[in-house]
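Biologist: I would like a close look at a single part of this model. Keep it brisk, please.

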Amino acid sequence: MSKLRMLLFQLVQDNESIYERIMKTTSLPKSVINTFIVDHSVYLDFGKILMIIDDLFHENADSLLEDYIINLDVNHQTAQQVLEFCFMNFTPCRYDFLYNMCEATNNDNKAFAQIYQNHYDNLDKKINPFNITNGNYNTPTLHAFKILMEAYSQYNMDMIPTLITKKDFLEYTINEFVSDPFIRDYYLVRFYRILMLIMLDQNEVKECRRMANQILNLSLTLSAAFKIQAIHAIGMSYLFENYELGLDYLYKAKKLYKSSSISTDGDIHSSINLHQIYWGKEPEDLKFYSQKTSDVLDVAFYRMMKKDVYEAKKTMKQVNENTLSQRDSAFYFYIKGILDDDTNYLYKSIMQFKQIGDKFYVQLPIKVLEKKGFNPLLIETILIS
């Protein structure tokens with residue numbers, strides 16, 4: 001018997017009005033709630049369980065969730081919801097639950113778990129998008145999962161043009177093939193979290209924001225990382241449009257990064273610095289003594305915008321041009337082009353951004369060339385060629 005059932009039993013014995021509170025939170029009738037509390041063979045939709053725990057037992061939510069998952073019958077239909085929840089939120093008990101579910105007597109649940117096992121048992125394994133054949137994707141939901149895994153593998157293999165051409169098909173398949181609303185929402189989050197960044201790179205800012213806002217609006221309990229990344233992406237998308245609005249989102253992301261337990265902050269300070277410097281504001285979080293390339297470039301960019309050319313060039317000398325990633329190289333040549341008043345470096349920046357498919361930040365060197373009076377048609381020709 002799970003601790004959640006015992007706590008709920010005690011609460012409703014002590015206070016009958018708890019029923020009303022749960023009914024309001026979950027939209028479930030009293031009879032269903034009562035049956036769940038007293039009948040250990042009955043399980044609610046897992047989304048409802050998350051609502052109850054978040055509303056009534058927020059302070060010890062993690063321990064109650066883990067206990068509920070451990071005590072869940074792996075043959076019950078909601079086990080599929082739980083498995084998806086566990087791996088999306090990296091719960092400590094996810095592998096124990098997975099292996100138990102692989103032994104389920106319910107053949108649908110067993111097949112569902114085995115597909116997840118194929119994917120998650122070796123996290124370092126690179127999946128070939130043209131050879132995802134291990135396992136039986138014999139239900140519409142598993143078919144949707146398969147194309148999601150293909151999308152992730154294409155993303156990891158930098159097959160971005162292929163992924164973009166499948167964007168609408170992917171979203172349609174998830175919405176139409178996955179009948180379980182809880183799993184469907186989670187699959188959509190899987191889809192949106194990579195496509196929103198791709199759409200930003202493609203300078204499809206409205207589509208980026210739509211996907212990010214979908215993550216924020218979906219009514220499910222997620223790891224904080226997904227929602228923070230969505231807010232961060234929205235903030236970055238306003239770089240060229242709106243200083244106050246972009247900074248507001250970036251500040252929200254920074255606050256959430258600090259208050260969460262996730263291990264990385266997505267270099268939020270660098271996003272804020274870029275936003276402030278670009279708009280001619282004083283940046284608040286430059287890392288003057290950092291050796292990290294992005295931090296060094298932040299400082300050089302700031303000094304350049306302050307028209308301190310000598311110090312900016314001195315800072316740029318700290319960067320080893322031969323060891324830069326293509327993205328860092330694109331920013332490096334952008335700054336160098338302005339500092340040296342050399343259009344060749346600006347063209348190099350454009351070409352580097354073009355090679356990584358970044359149509360958003362490529363606007364930085366393009367805007368400099370446009371201010372210099374260069375023909376927009378010439379710049380467009382460079383981008384197309």
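Biologist: Which are the buried residues of H6?

Modeller: First, the ground rules. This is a predicted model, where local features need pLDDT of at least 70 and side-chain atom pairs count only at pLDDT 80 or more, while totals for chains, interfaces and linings use all residues. Residues are numbered from 1 along each chain as its sequence is written, and side-chain values use heavy atoms, without hydrogens and water.

Now the helix. H6 covers residues 78-89. Helices here are DSSP runs of H or I with at least four residues, numbered from the N terminus. The buried residues of H6 are Thr-78, Ala-79, Gln-80, Gln-81, Val-82, Leu-83, Glu-84, Phe-85, Cys-86, Phe-87, Met-88 and Asn-89. Buried means under 20% relative accessible area, with a 1.4 Å probe and protein chains only. That is twelve of twelve residues, so H6 counts as mostly covered.

What does the covering of these buried residues include? Among the elements are helix H4 (46-56), helix H5 (61-70) and helix H7 (94-101). Helix H8 (107-120), helix H12 (181-201) and helix H14 (224-237) also take part. Contact here means heavy atoms within 4.5 Å.

Next, the length. The expected span of a helix is 1.5 Å times one less than its number of residues. For the twelve residues of H6 that gives 16 Å, and the end C-alpha atoms lie 16 Å apart, so the two agree.

Just after H6, Phe-90 takes a positive phi of about 55°.

Conventions. Helices (H or I, at least four residues) and strands (E, at least two) are DSSP runs, numbered from the N terminus. Buried means under 20% relative accessible area, exposed over 50%, partly exposed in between (1.4 Å probe, protein chains only).
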